[in-house]
2 protein chains.
Amino acid sequence: MKMSEGVEWAAHVCVLLHWLEAGDTAPVPAARLAEAYDLPAPYLVKQLQALTRAGITESVPGVRGGVRLARPADRISLMDVVTAIEGRSEAFSCTEIRQRGMNAERPARDFAKPCGIAHAMRSAELAWRRQLAATTIADLSASTPSTVAQHARRHFSSA
Amino acid sequence: MKMSEGVEWAAHVCVLLHWLEAGDTAPVPAARLAEAYDLPAPYLVKQLQALTRAGITESVPGVRGGVRLARPADRISLMDVVTAIEGRSEAFSCTEIRQRGMNAERPARDFAKPCGIAHAMRSAELAWRRQLAATTIADLSASTPSTVAQHARRHFSSA
Ligand code: FES
Ligand code: FES
């Protein structure tokens, strides 16, 4: 069970865009974002498109255009970013194997309650989602040494 | 991010083996376990091998041999089963992109603390693992209607 590396990229790009807003250097062209973390630009563009579809980033057209956050960083959670990149579907999917084979002829009422295994897997995923939902891009930005944020601003303003 | 369907199979097989122990019909040949849930036997055998490597099931040789639980069902958690099938590695892996590109020349001390994003992803996974670790095969067995467990015992004793 692996998350795509795009999640790491997208989360870092969101934090970076938040820093750049504070320094008035957003929007930023996707190619410069890619260069900032040494990422392959075409693949990063795909992640940015996913973030934009999810309403996390937006694309500003024009010569001074580029990408910027579409809403305040304290209203973008890590869950939002993960969902934008990985999709909404749960990691565990129940195919109702309990109703097959030896149980194919059992009455439906035996399976009226959700399967305990599926239920336990879902609660665990919910615990995971809750934690991710409790952390925002603003929190993540605040937990980074300020020298790193300053350096990013300088890097982008010296374009 | 998808878990393999083998997790659903393995969890159900563990609960089933626990029921069969109570009815004194374990060990059970892998082919009969596959038939019980209408699963492809060769692929189920792979999951059983993974469970055995993890010390969750064991294989009893001989004519009346087969598979059985290797320890009490209240000492096998859903986390154990997931880890046996999916491996130990975390879903999110950090490739330290924060140290690349514009930060490649930054002093190491700026990165002494783990990245906040990686840290948040890890805590969320830990919450998920904790929940799975809190649910045992014995719990899951207890939450199934007893008619289903009885039916399974009858099915296997009429071999
Ligand atoms: S039937 Fe799907 S997890 Fe039980
Ligand atoms: S450097 Fe990997 S998540 Fe931040």
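Reader: In S2(B), which residue is the bridge partner of Ser59(B)?

Author: Ser59(B) has Val67(B) as its bridge partner in S2(B). Before we go on, a word on the ground rules: this is a predicted model, where local features need pLDDT of at least 70 and side-chain atom pairs count only at pLDDT 80 or more, while totals for chains, interfaces and linings use all residues. Residues are numbered from 1 along each chain as its sequence is written, chains are lettered from A and ligands numbered from 1 in the order in which they are written, and side-chain values use heavy atoms, leaving out hydrogens and water.

Reader: Thanks! How many bridges join strand S1 to strand S2 of chain B?

Author: Two strands pair if DSSP finds at least two bridges between them, and strands are DSSP runs (E, at least two residues; helices are H or I, at least four), numbered from the N terminus. Here 4 bridges join S1 (residues 57-60) to S2 (residues 66-69) of chain B, and the two run antiparallel. They form a hairpin with 5 residues between them, and Gly62(B) in the turn has a positive phi of about 110 degrees.

Reader: Which residues other than glycine have a positive phi?

Author: Among them are Asp38(B), with phi near 55 degrees, and Glu96(B), also near 55 degrees. Asp38(B) sits in the loop between helix H2 (30-36) and helix H3 (41-53) of chain B. Glu96(B) lies in the loop between helix H4 (78-86) and helix H5 (116-133) of chain B.

Reader: What does Glu58(A) form a salt bridge with?

Author: A salt bridge is a side-chain nitrogen of Lys or Arg within 4 Å of a carboxyl oxygen of Asp or Glu. Glu58(A) forms one with Arg68(A), and their closest N and O atoms are 2.9 Å apart. The pair links distant parts of the chain, with Glu58(A) in strand S1 and Arg68(A) in strand S2 of chain A, 10 residues apart. Over all chains the structure holds 13 salt bridges.

Reader: And how many salt bridges are there between chain A and chain B?

Author: The count there is 0. Polar contacts are another matter to look for: pairs of N or O atoms within 3.5 Å, where within protein one must be able to donate a hydrogen and the other to accept it, and residues adjacent in sequence count only if both atoms are side-chain atoms. Across this interface the rule finds 20 residue pairs in polar contact, both residues being at pLDDT 80 or more. On the side of chain A that touches chain B, H5(A) gives the most, with 11 residues.

Reader: How are the two copies related?

Author: We superpose copies by least squares on the C-alpha atoms of residues with pLDDT of at least 70 in both. Chain A can be laid on chain B with an RMSD of 0.0 Å by a turn of 180 degrees and a shift of 0.0 Å along the axis. The copies are therefore related as by a two-fold rotation axis. In chain A, Trp128(A) has the C-alpha nearest the axis, 2.5 Å from it.
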